[in-house]
Amino acid sequence: MNQLDLKRMVAYRAAQLVPDGALIGLGSGSTAELFVQFLGERVRNEGLRVVGVPTSERTVAAAKAAGVELTTLEEHPELDMAFDGADEVDPDLNLVKGLGGALAREKIVAKASRVFVVLVDESKLVDILGSKSPVPVEVLQFGWTRTSRELESMGLQPVLRTRDGLPYVTDNGNYVLDLHVGPISNPSDLDLKLHLVTGVVETGLFIDIASLVMVGTQDGVIEMRRPQD
Ligand SMILES: O=C[C@H](O)[C@H](O)[C@H](O)COP(=O)(O)O
């Protein structure tokens with residue numbers, strides 16, 4: 001199976017976990033979109049009743065195409081579950097997210113959910129966060145060069161994310177700086193330090209948020225759970 005097959009397998013399995021009547025967070029990215037498609041199949045075929053809070057405009061479009069009803073956190077501040085992809089997962093279920101740029105809304109929705117389920121293929125598993133992926137940080141456009149310099153002075157090598165030669169702009173109207181930090185010995189500490197930098201809106205470090213990680217492997221789907229859950 002290739003990477004897409006593994007993502008599809010895990011997304012399908014996760015969609016079968018959603019109980020009737022659930023209020024759920026809908027993540028962003030290719031795996032989350034596959035999940036939304038499989039959820040839509042259950043809505044159409046089984047009459048599953050489910051309402052989702054989307055984490056990006058792309059997910060809004062995917063949910064509408066799949067026939068999944070949408071709501072907002074203003075209407076429903078507490079969700080039963082959220083399902084989302086990730087860019088890296090470490091053995092403590094800490095994550096790097098945001099290569100698709102949806103990190104801020106994703107983190108808000110994940111924290112609003114009683115259970116946060118992460119869907120990845122096995123290539124996303126790492127021993128130490130930062131080993132493969134940069135850490136995305138969403139920053140205000142205003143003064144972003146100043147914010148970037150402050151991050152640089154912390155030894156973090158920020159690179160402004162671009163698309164088609166222009167700065168990439170998030171759904172919130174902000175920029176993204178990708179921090180090329182290498183293996184992170186203390187992700188929680190780094191997350192706290194990043195939040196102290198003026199201009200930083202949110203980081204792609206998801207610490208102690210995931211309850212369950214479902215991993216698509218060549219041998220099937222394996223589950224990693226937080227020890228205390
Ligand atoms: O902003 C994007 C998200 O954090 C995605 O969930 C993450 O990048 C994983 O995406 P994919 O499922 O496409 O690998």
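1. Let's start with helix α5, residues 144-153, in this predicted model. Its buried residues are T147, S148 and L151. These residues lie on the same side of α5 because they span an arc of only 100 degrees around the axis. The general rule behind such a pattern is handy to keep in mind: an α-helix has 3.6 residues a turn, so residues three or four places apart point the same way.

2. What lies over the buried residues of α5? The cover includes four strands: β8 (135-139), β9 (158-160), β12 (175-179) and β13 (200-203).

3. A backbone detail to look at comes after the helix: α5 is followed by G155, and the phi of G155 is positive, near 80 degrees.

4. Stepping back to the whole chain, the domain assignment gives two pieces of sequence, 3-127 and 207-219, to domain 1, while domain 2 runs over 135-203. Taken over C-alpha atoms, the centres of domain 1 and domain 2 are 24 Å apart.

5. Where the domains meet, 13 residues of domain 1 are in contact with 13 residues of domain 2. On the side of domain 1 that touches domain 2, helix α4 (residues 103-111) gives the most, with four residues.

Terms used: Residues numbered from 1 in each chain as written. Predicted model: local features only at pLDDT ≥ 70, side-chain atom pairs only at ≥ 80, totals over all residues. Buried ≥ 20, exposed ≤ 12 C-beta atoms within 10 Å, placed from the backbone. Helix = DSSP H or I, 4+ residues; strand = E, 2+ residues; numbered from the N terminus. Arc of directions from axis to C-beta. Contact = placed C-beta atoms within 7 Å. Domains from an automatic or database assignment.
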